[in-house]
Amino acid sequence: SSPDQEKSYHTLEPFTVHRQLGRLRDVRTLSNVNDWNKILGDLITIRVPGEPVSEILQAYNDMVSRNIIPNMKTYALLIDVLCDRDNEVHKVTATLQSRINRRALNGLVDAPDTFSDQKRIQAMRAENNFASAMSLFQAANTLTTANFSHNTLLALIRSAAAHGAIE
């Protein structure tokens, strides 16, 4: 088989992932942390870069509401996607702020685009991805199995630096 065929074989269909999530959310479905980690990983895989991670966090909340205790894999998946999203938000908000500043330099402070850019910055910052990642990191560190990959730790450090959070 060609590489294209192999790739399409492993491609997740959003419809299938959402159907599986629906089954897990059904109160009649017995599930464990591995089932939820699989669906979280699949949701992360199908997430389009630039999209908020709210659907992934909602799935996590659904898992916890069923008294299923997260494990290190759960925490690592969530921290990684939150840091990825935080990085996306940081880049986009910096670009939008730069556009606002350029308009101001050109005397266009009250341009309609400035207002919409400010609203978009506000909405993206309200996602609070870094704070969520740090909360999960702190929760994970209460586990005796707490052991993060270098990539996860670097992602947290990158986000902390972007936020000027040095503690």
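Colleague: At what angle do the axes of H5 and H7 cross?
Modeller: In this predicted model, H5 covers residues 72-105 and H7 covers residues 129-140. Their axes come within 8 Å. The crossing angle is roughly 160°.

Colleague: Is H5 roughly parallel or roughly antiparallel to H7?
Modeller: The axes cross at roughly 160°. Angles over 145 degrees count as roughly antiparallel. So H5 and H7 are roughly antiparallel.

Colleague: Is the crossing of H5 and H7 left-handed or right-handed?
Modeller: The residues in contact include Leu 78, Leu 82 and Val 89 of H5. Among those on the H7 side are Phe 130, Ala 133 and Phe 137. As for the hand, H5 passes H7 in a crossing that is left-handed.

Colleague: How many residues of the contact of H5 with H7 are nonpolar?
Modeller: Met 72, Tyr 75 and Ile 79 of H5 are among the residues that make this contact, as are Leu 136 and Ala 140 of H7. Two of the contact residues are polar and two are charged. The nonpolar count is 13.

Colleague: Is Asn 129 buried or exposed?
Modeller: Asn 129 belongs to helix H7. Not counting residues up to four places away in sequence, Asn 129 touches Val 53, Leu 82, Arg 85, Asp 86 and Val 89. Its relative accessible area is 3%. The cut-off for buried is under 20%, so Asn 129 is buried.

Colleague: Which loop holds Asn 128, and is the residue buried or partly exposed?
Modeller: Asn 128 sits in the loop between helix H6 (112-125) and H7. Its phi is positive, about 55°, although Asn 128 is not a glycine. With a relative accessible area of 45%, Asn 128 is partly exposed.

Colleague: Where is Asn 67, and is it buried or exposed?
Modeller: Asn 67 is in the loop between helix H4 (54-65) and H5. This residue is not a glycine, and its phi is positive, near 60°. Its relative accessibility is 70%. Exposed means over 50%, so Asn 67 counts as exposed.

Colleague: Are H7 and H8 roughly antiparallel or oblique to each other?
Modeller: H8 spans residues 150-163. The axes of H7 and H8 come within 10 Å and cross at roughly 135°. H7 passes H8 in a left-handed crossing. Roughly antiparallel needs an angle over 145 degrees, and H7 and H8 are therefore oblique.

Colleague: How many charged residues are in the contact of H7 with H8?
Modeller: From H7 come Phe 130, Ala 133, Met 134 and Phe 137. They meet Leu 153, Leu 156, Ser 159, Ala 160 and His 163 in H8. By class, seven are nonpolar and two are polar. The number of charged residues is none.

Colleague: Which residues does Ser 159 touch, not counting residues up to four places away in sequence?
Modeller: Ser 159 lies in helix H8. Ser 159 is buried, at 2% relative accessible area. The residues it touches are Cys 83, Asp 86 and Phe 130.

Colleague: How many charged residues are in the contact of H5 with H6?
Modeller: H5 and H6 have axes 10 Å apart and pack at about 160°. They are therefore roughly antiparallel, and the crossing is left-handed. Among the residues that meet are Arg 85, Arg 99 and Arg 103 in H5, and Asp 113, Asp 117 and Arg 120 in H6. Six residues of the contact are nonpolar, four are polar, and the charged ones number seven.

How values were computed:
Residues are numbered from 1 along each chain as its sequence is written. This is a predicted model: local features need pLDDT of at least 70, side-chain atom pairs count only at pLDDT 80 or more; totals for chains, interfaces and linings use all residues. Side-chain values use heavy atoms; hydrogens and water are left out. Axes are lines fitted to C-alpha atoms, for helices over the stretch in contact, and angles run from 0 to 180 degrees between N-to-C directions. Helices (H or I, at least four residues) and strands (E, at least two) are DSSP runs, numbered from the N terminus. Angles under 35 degrees count as roughly parallel, over 145 as roughly antiparallel, 65 to 115 as roughly perpendicular and the rest as oblique. A crossing is left-handed if the near helix is turned anticlockwise from the far one by less than a right angle, and right-handed if clockwise. Contact means heavy atoms within 4.5 Å. Ala, Val, Leu, Ile, Met, Phe, Trp, Tyr, Cys and Pro count as nonpolar, Asp, Glu, Lys and Arg as charged, and the others, Gly among them, as polar. Buried means under 20% relative accessible area, exposed over 50%, partly exposed in between (1.4 Å probe, protein chains only).
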